[in-house]
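Subject: Structure for your review

Dear colleague,

Please find below the structure that I am handing over to you. I would ask you to look through it first and then to read the notes that follow.

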Amino acid sequence: MKHTPRGGNALKRLAYATLATLATVMTAHAAAYPDKPITLVVPFPPAGTTDIAARTIAQAMEAKLGQTIVVENRAGAGGNIGMGVVARAKPDGYTIGMGTIGTQAINQFLYKDMSFNPEKDFEPIALVVTTPNILAVNAKSDIKNLKDLVDAAKAAKDSKLTYATPGVGSSVHLTGAYLEQVAGIEMLHIPFKGVSASMPALIGGQVSILIDNLPSTLAQVKDGSKIRGIAVTSAKRSPSAPDIPTVAESGYPSVDVTAWFALYAPKGTPKEAVDKLIGAAKEALASPELQAKYIAMGAQAGTLVGDDLAAFERKERERWGKLVKDRDIKTQ
């Protein structure tokens, strides 16, 4: 007959108790996320549209998460440097990034050496804001509307109309290329390093047209003494500038272009953390106070999260990848 050692049952009870305690601790740890500050990487410089949108949503999400969100600007290579940092970060929910239409839907068709795959290396959290691009001219220009612009471009021979953007391959540049395609016109693209350089060029008469994100130009457009907004690229008029018609209502109904900015975590981030981030973002974006802040800056709060954001991205990649190929756009 086999006998169990006298201490055997006690050892079993101790083992079970240890396992139960460990499970409780692990569950408590998972439920405690986040238990330290979160870093939000912004892949563009401070004070731009991406940075302002990121800091605004970060502040709103802090109250929901009960932790500080620290914004860290890691600019360069059209946003690729910063989002590369996010892709390589430890997937624990404590590093997230503010991706854009450029980093997540355009750059892969322009840059040969991407350090990340925008479709495979991230967990989509939430679409934060969308904003139209705006076409603006000098306040003294004879171009009063989009029809005038198209007519002037078609009439130009050796001296093409020039349009300024924040850079080759930017979503704004591609907006200009798309407009050329649908309107059957040819203009000369003049890239600048941001609106701080392109705006003075428009006001000074060095370029005919400025195309940029609405938030970057809203103050000057509203002032109206130096520049004139002639069209926005969204399907509907912007609540931030309701008097400016859309490109669609100006004769090109297929034009519906908005720049967008969204939150991502590294691939492999625990579902519990992603779900909490999604929940905090959804609650923040539903706030009338936050929505009013974004409208004031020329943008609108997003509504897509998780898988819906991923599906939206896939359509955007198809669209912009085709345009880059059709127009043979290169960064160099």
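Helices and strands are here DSSP runs, numbered from the N terminus, where a strand has at least two residues. Please also bear in mind that this is a predicted model.

I begin with the second largest pocket. Its volume is about 390 Å³. Its lining is made of 19 residues, and T130, S234, D256, T258 and Q300 are those nearest the centre. Two or more lining residues come from each of β4 (122-138), β10 (300-301) and α11 (306-326). Of these, β4 provides the largest share, 4 residues. Sorted by class, this lining holds 6 nonpolar, 8 polar and 5 charged residues.

The largest pocket has a volume of about 940 Å³. It is lined by 40 residues, and F44, P45, P166, S170 and G194 are the closest to its centre. Several elements supply at least two lining residues each, among them α4 (101-106), α6 (171-183), α7 (195-203) and β9 (258-266). The element that gives the most is α2, with 4 residues. The lining comprises 20 nonpolar, 17 polar and 3 charged residues.

Next, I would draw your attention to helix α8 (214-223), which also supplies at least two residues to the lining of the largest pocket. Which residues of α8 are buried? They are L214, P215, T217, L218 and V221. These residues lie on the same side of α8, because they cover an arc of only 155° around the axis. They pack against α2, β4, α7, β7, β8 (227-232) and α10 (288-296). Just after α8 comes G224, which takes a positive phi of about 75°.

Is R317 buried or exposed? Its relative accessible area is 7%, and R317 is therefore buried, since the cut-off for that term is under 20%. A polar atom of the R317 side chain lies 3.4 Å from the backbone oxygen of P118. Apart from its neighbours within four places in sequence, R317 is in contact with Q104, A105, Q108, F109, P118 and E119.

With kind regards

Definitions and conventions
Residues numbered from 1 in each chain as written. Predicted model: local features only at pLDDT ≥ 70, side-chain atom pairs only at ≥ 80, totals over all residues. Heavy atoms only, no water. 1 Å grid on protein atoms, 1.4 Å probe; cavity = no way out; pocket = protein on both sides within 12 Å on 5 of 7 lines; lining within 4 Å. Points joined across faces, edges and corners; volume = space filled by probe spheres on them. Nonpolar A, V, L, I, M, F, W, Y, C, P; charged D, E, K, R; others polar. Buried < 20%, exposed > 50% of the residue type's maximum accessible area, 1.4 Å probe, protein only. Polar contact = N/O pair within 3.5 Å; in protein donor to acceptor, adjacent residues only side chain to side chain. Contact = heavy atoms within 4.5 Å. Arc of directions from axis to C-beta.
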